[in-house]
There are 2 protein chains.
Amino acid sequence: MSPILEDSSNGGLPERDSYAKNGFVHIKNPHLDLLPEDILYHFDLGTKTHDLPSMFGDVKFVCVGGSPNRMRAFALFIHQELGLEGDSNNVADICAGTDRYSMFKVGPVLSISHGMGIPSISIMLHELIKLLHHAKCRDVTIIRIGTSGGIGIEPGTVVITDVAVDSFFRPQFEQVVLDKVVVRKTELHKELAEDLLQCSKEIASFPTIIGHTMCTYDFYEGQGRLDGALCSFSKEEKFEYLQRAFSSGVRNIEMESTVFAAMCHLCGLKAAVVCVTLLNRLEGDQISESHETLTEYQKRPQQLIAEYIKKQLNLS
Amino acid sequence: MSPILEDSSNGGLPERDSYAKNGFVHIKNPHLDLLPEDILYHFDLGTKTHDLPSMFGDVKFVCVGGSPNRMRAFALFIHQELGLEGDSNNVADICAGTDRYSMFKVGPVLSISHGMGIPSISIMLHELIKLLHHAKCRDVTIIRIGTSGGIGIEPGTVVITDVAVDSFFRPQFEQVVLDKVVVRKTELHKELAEDLLQCSKEIASFPTIIGHTMCTYDFYEGQGRLDGALCSFSKEEKFEYLQRAFSSGVRNIEMESTVFAAMCHLCGLKAAVVCVTLLNRLEGDQISESHETLTEYQKRPQQLIAEYIKKQLNLS
């Protein structure tokens with residue numbers, strides 16, 4: 001493998017101050033403006049076929065999550081919470097022309113699915129960031145609402161991520177660019193995380209904490225599960241690894257947060273990761289809670305984000 | 001990062017000879033038999049809730065691809081091609097209880113979607129391999145039918161992969177196991193690839209070749225695209241990289257083949273990767289062909305696999 005390099009684009013990084021100055025999304029690609037047309041292939045949208053500024057120009061909040069059904073449910077929930085006019089059943093999938101992602105817009109909120117894993121969310125983020133740029137959106141906050149495995153915390157706890165770490169507990173994301181490995185930072189927006197924690201205290205109906213989130217490339221061997229098709233380690237080695245993760249500050253494990261944090265940071269987007277834990281990995285590997293319990297757990301990040309958005313819009 | 005290790009499980013690798021002896025899938029996890037119940041969470045199936053041997057015991061061919069709609073279309077196409085009884089419109093999604101993957105069964109053929117990227121297909125493969133094990137399936141052939149970017153070949157060409165390579169053109173997959181990096185082989189089944197090439201000659205309606213397939217973690221920066229939200233390299237650096245890929249034998253680029261080859265090889269599954277190319281990356285980055293042309297291209301691997309399956313079942 002090539003040597004690991006410091007991210008050379010860090011020199012020109014949009015600092016939060018510069019973000020605050022004009023509020024636009026930062027595209028870090030000099031080639032993009034030379035394109036006569038930009039086809040956002042995995043959204044089935046494009047700059048020549050769609051009037052992106054009029055479709056998306058008023059977007060202030062983007063919420064993303066793995067499952068298309070969950071992100072549709074979130075859109076309907078937000079429609080109701082914001083007291084928007086019209087029948088929420090008419091909220092249509094803007095990406096209906098493709099089945100790669102689903103996208104719903106309700107007022108200033110965009111709800112998008114991203115599938116599972118770093119590569120899947122990374123494709124979505126590239127096209128989303130270009131969409132926000134083409135649509136001339138300003139002051140956008142982006143929040144990933146997901147599910148995760150907890151470490152040493154009660155199932156159903158909501159974890160707000162302060163920093164995303166990799167499988168080696170390092171606060172970084174390694175991006176392969178051509179055949180070079182570039183290292184990017186994975187911190188999330190500190191004030192946003194604190195504002196969200198404050199919101200959770202006001203709701204006070206489920207436990208919420210701030211902690212590190214570990215992001216892996218794999219659900220089974222990479223997360224120390226003993227129940228995959230392949231497993232070459234012992235129960236003891238699994239626990240030793242998870243205990244080390246806990247000691248380093250990790251409170252939950254999922255599969256998208258490092259690239260999400262890295263890309264949002266580079267592009268000047270105020271970003272948070274808010275995941276509910278479906279189980280405590282120190283007690284088992286299988287997700288065996290009842291369907292009803294899991295459904296209730298999955299609504300928790302949605303409730304929290306709805307509360308936050310209402311507060312920002314002076315609706316709460 | 002931890003040192004890269006040779007895969008210690010290679011010593012007990014199922015050789016093709018041992019595969020031929022009993023034909024069962026090889027689960028390489030001593031913990032699995034100790035589980036009182038195995039919940040295949042992302043399929044919404046389980047050993048206590050479903051009679052997997054009676055549901056899946058007769059499966060001989062598993063075809064997987066990224067898009068749920070495409071895999072449903074493939075199931076309907078196979079239903080028609082095999083001349084199966086019953087209304088193909090009644091082919092139901094076996095994983096309807098979840099929106100993570102879609103799964104359809106028509107006769108001995110299982111058609112499953114896997115989403116985009118290595119982590120997404122890896123979760124699916126763990127649960128699929130356990131499913132085939134629990135169902136006591138024998139002599140299963142698994143084929144990924146996908147879309148890809150071509151290098152130096154006409155768009156619409158179908159590439160049958162001989163070996164999957166990573167971004168550095170190495171025929172290997174690095175799997176993180178706890179915090180160790182394990183290196184696995186990514187060769188595909190040679191005779192199966194040759195049988196598929198022979199089938200394509202018999203159809204003779206589109207160009208088909210055997211070549212290396214490069215598998216990346218990213219669609220934009222990792223594949224040298226100049227049209228992402230982030231791009232730090234020049235047009236010349238992009239072409240130099242793609243030319244080096246071509247010189248090393250790479251004919252197409254996609255995002256799942258290395259882990260697919262590695263896991264199928266370890267578990268003794270006869271596996272192939274058959275992807276159509278939607279564009280020639282030496283001529284551009286955007287997928288701008290008409291919807292009709294892209295739809296026709298995507299049917300090519302399906303036609304080829306249908307022909308192969310019919311031949312194996314003595315139906316052609």
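**Binding-site residues and the chain interface**

Author: To begin, apart from residues up to four places away in sequence, G146(A) touches R70(A), V274(A), C275(A), V276(A) and P301(A). The model is a predicted one.

Reader: In which strand of chain A is the place of G146(A), and is G146(A) buried or exposed?

Author: The relative accessible area of G146(A) is 3%. Buried means under 20%, so G146(A) falls in that class. The strand that holds G146(A) in chain A is β7.

Reader: Which residues does UniProt list for "binding site" together with G146(A)?

Author: The listing comes from an unreviewed UniProt entry. Besides G146(A), that entry names R100(A), R144(A), I145(A) and T147(A).

Reader: What is the relative accessibility of I145(A), and which residues does I145(A) touch, not counting those up to four places away in sequence?

Author: I145(A) has its place in strand β7, residues 141–150 of chain A. I145(A) counts as buried because its relative accessibility is 2%. Residues up to four places away in sequence aside, I145(A) touches V64(A), G65(A), R70(A), M71(A), F74(A), V274(A), P301(A), Q302(A) and I305(A).

Reader: Which other residues does UniProt list for "binding site", and where in chain A is Q223(A)?

Author: An unreviewed UniProt entry lists Q223(A) and R225(A) under that name. Q223(A) counts as buried, at 3% relative accessibility. Neighbours within four places in sequence left aside, Q223(A) is in contact with T216(A), D218(A), L242(A), I253(A), E254(A), M255(A) and R281(A). The place of Q223(A) is the loop between β11 (208–215) and α6.

Reader: The side chain of R225(A) has a polar atom how far from the backbone oxygen of F219(A)?

Author: R225(A) lies in the loop between β11 and α6 of chain A, and is buried, with a relative accessible area of 2%. Its contacts, neighbours within four places in sequence aside, include F219(A), Y220(A), R281(A) and D285(A). From the backbone oxygen of F219(A) to a polar atom of the side chain of R225(A), the distance is 3.0 Å.

Reader: Which backbone nitrogens lie 3.0 Å from the side chain of N280(A)?

Author: N280(A) is placed in strand β13, residues 270–280 of chain A. N280(A) counts as buried because its relative accessibility is 11%. Residues up to four places away in sequence aside, N280(A) touches G150(A), I151(A), G152(A), I153(A) and P155(A). At 3.0 Å from a polar atom of the side chain of N280(A) is the backbone nitrogen of G152(A), and the side chain also reaches, at 3.0 Å, the backbone nitrogen of L282(A).

Reader: What area is buried between chain A and chain B?

Author: The contact draws on 76 residues from chain A and 76 residues from chain B. On the side of chain A, M116(A), L178(A) and A229(A) lose the most area to chain B, together 13% of what that side buries. Carbon and sulfur atoms give 60% of the area buried between the two chains, which is about 6500 Å².

Reader: How many salt bridges and how many residue pairs in polar contact are found between chain A and chain B?

Author: One salt bridge joins the side chains of R244(A) and D179(B), at 2.9 Å from N to O. Across the interface the salt bridges number four. The residue pairs in polar contact, both residues at pLDDT 80 or more, number 34.

Reader: Which element gives the most to the side of chain A that touches chain B?

Author: Elements that each supply at least two residues to that side include α3 (68–81), α4 (118–134), β9 (172–177) and α8 (291–312). The residues of that side divide into 35 nonpolar, 22 polar and 19 charged. With nine residues, the element that gives the most is α4(A).

Reader: How many residues of helix α7 of chain B are buried?

Author: The helix runs over residues 257–266 of chain B. Its buried residues include S257(B), F260(B), H265(B) and L266(B). After α7(B) comes G268(B), with a positive phi near 70°. Helix α7 is mostly covered, and the buried residues number ten of its ten.

Reader: What distance separates the C-alpha atoms of F104(B) and Y217(B)?

Author: F104(B) lies in strand β5, residues 103–106 of chain B, and is buried, with a relative accessible area of 1%. Along the chain, F104(B) and Y217(B) are 113 residues apart. Their C-alpha atoms are separated by 27 Å.

Definitions and conventions. Residues numbered from 1 in each chain as written. Chains lettered and ligands numbered in written order. Heavy atoms only, no water. UniProt positions renumbered as here; feature names shortened; annotations may be inferred. Helix = DSSP H or I, 4+ residues; strand = E, 2+ residues; numbered from the N terminus. Buried < 20%, exposed > 50% of the residue type's maximum accessible area, 1.4 Å probe, protein only. Contact = heavy atoms within 4.5 Å. Buried area = accessible area lost by both parts, 1.4 Å probe. Polar contact = N/O pair within 3.5 Å; in protein donor to acceptor, adjacent residues only side chain to side chain. Nonpolar A, V, L, I, M, F, W, Y, C, P; charged D, E, K, R; others polar.
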